[in-house]
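Work through the exercises below with the model open beside you. Try each task before you read its solution.

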Amino acid sequence: MKLALIFLLSSIGGVLSGEHLHSFIAGFGIAAVSVGTAYWLAFRSTRYPQLAVLLLLLGMVAKLAVTVVGVMWGLKADVINSPFVFSLSYLFFLIVVSYGYFKLREFQMAMVEKRAVVLESQTVEPPKQGKESKPAMTSQAA
């Protein structure tokens with residue numbers, strides 16, 4: 001349901017900004033690349049937990065840098081005709097793409113947990129070696 005609503009809203013936005021479609025598409029592209037870059041940098045796995053804050057800050061700076069470079073490129077190449085349509089498109093797709101990446105991360109973490117449970121349930125202990133594995137002999141005679 002949520003996915004259908006997102007597609008409906010983005011389609012309506014694209015139709016309504018028909019005269020400024022380049023600005024709409026530029027907003028989508030820049031938002032997707034900037035959020036993807038920030039996500040890729042911020043959620044890297046590292047052996048050192050102290051680097052988590054550094055990676056988050058690096059992701060934020062990379063997102064800002066990609067956004068600034070994308071807007072400068074869009075203005076220089078005259079792709080962004082309407083700053084208003086671009087800013088609304090950028091804001092909308094920034095939220096949508098962030099939601100999508102976090103849902104992807106949630107799905108990936110659930111799959112890792114499910115795989116760990118399956119692997120844990122499939123572990124079999126090897127038989128013990130030595131005297132305990134042989135049947136005990138008794139000296140009782142009947």
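**Exercise 1. Find which residues of H1 meet which residues of H4, and describe how the two helices pack.**

Step 1. List the contact. From H1 come Lys2, Ile6, Leu9 and Ser10; from H4 come Phe92, Phe93, Val96 and Tyr99. Contact means heavy atoms within 4.5 Å.

Step 2. Sort the residues by class. The contact of H1 with H4 has 6 nonpolar, 1 polar and 1 charged residues. Here Ala, Val, Leu, Ile, Met, Phe, Trp, Tyr, Cys and Pro count as nonpolar, Asp, Glu, Lys and Arg as charged, and the others, Gly among them, as polar.

Step 3. Take the geometry. H1 covers residues 2-16 and H4 covers residues 83-121. Their axes lie 12 Å apart, at an angle of about 155°. Axes are lines fitted to C-alpha atoms, for helices over the stretch in contact, and angles run from 0 to 180 degrees between N-to-C directions.

Step 4. Name the arrangement. H1 and H4 are therefore roughly antiparallel to each other. Angles under 35 degrees count as roughly parallel, over 145 as roughly antiparallel, 65 to 115 as roughly perpendicular and the rest as oblique.

Step 5. H1 and H4 cross in a left-handed way. A crossing is left-handed if the near helix is turned anticlockwise from the far one by less than a right angle, and right-handed if clockwise.

Before you go on, note that this is a predicted model: local features need pLDDT of at least 70, side-chain atom pairs count only at pLDDT 80 or more, and totals for chains, interfaces and linings use all residues. Residues are numbered from 1 along each chain as its sequence is written, and side-chain values use heavy atoms, with hydrogens and water left out.

**Exercise 2. State how many helices and strands the chain has, and describe its surface.**

Step 1. Count the elements. The chain has 4 helices and 0 strands. Helices (H or I, at least four residues) and strands (E, at least two) are DSSP runs, numbered from the N terminus.

Step 2. Read their order. From the N terminus on, the elements run α-α-α-α.

Step 3. Look at burial. The chain has 142 residues, and 23% of them count as buried. Buried means under 20% relative accessible area, exposed over 50%, partly exposed in between (1.4 Å probe, protein chains only).

Step 4. The chain exposes about 11,400 Å², and carbon and sulfur atoms supply 70% of it. The area comes from the Shrake-Rupley method with a 1.4 Å probe.

Step 5. Check the range of the contacts. Take contacts between residues at least 6 apart in sequence: 76% of them join residues at least 24 apart.

**Exercise 3. Work out how H2 packs against H3.**

Step 1. Take the geometry. H2 (residues 21-42) and H3 (residues 51-76) pack at about 160°, with axes 8 Å apart.

Step 2. Name the arrangement. H2 and H3 are therefore roughly antiparallel to each other. Their crossing is right-handed.

Step 3. Look at the contact. Its residues include Ile30 and Ser34 of H2, and Val66 and Thr67 of H3. By class, the contact of H2 with H3 has 12 nonpolar, 5 polar and 1 charged.

**Exercise 4. Work out how H2 meets H4.**

Step 1. Take the geometry. The axes of H2 and H4 come within 8 Å and cross at roughly 35°. The crossing is right-handed.

Step 2. Look at the contact. Among its residues are Ile30 and Ser34 of H2, and Tyr90 and Leu94 of H4. The classes are 15 nonpolar, 7 polar and 1 charged.

**Exercise 5. Is Ser34 buried or exposed, and what does Ser34 touch?**

Step 1. Ser34 is in helix H2.

Step 2. Read its area. Ser34 is buried, with a relative accessible area of 0%.

Step 3. List its partners. Leave out residues up to four places away in sequence; Ser34 then touches Lys63, Val66, Thr67, Tyr90 and Leu94.
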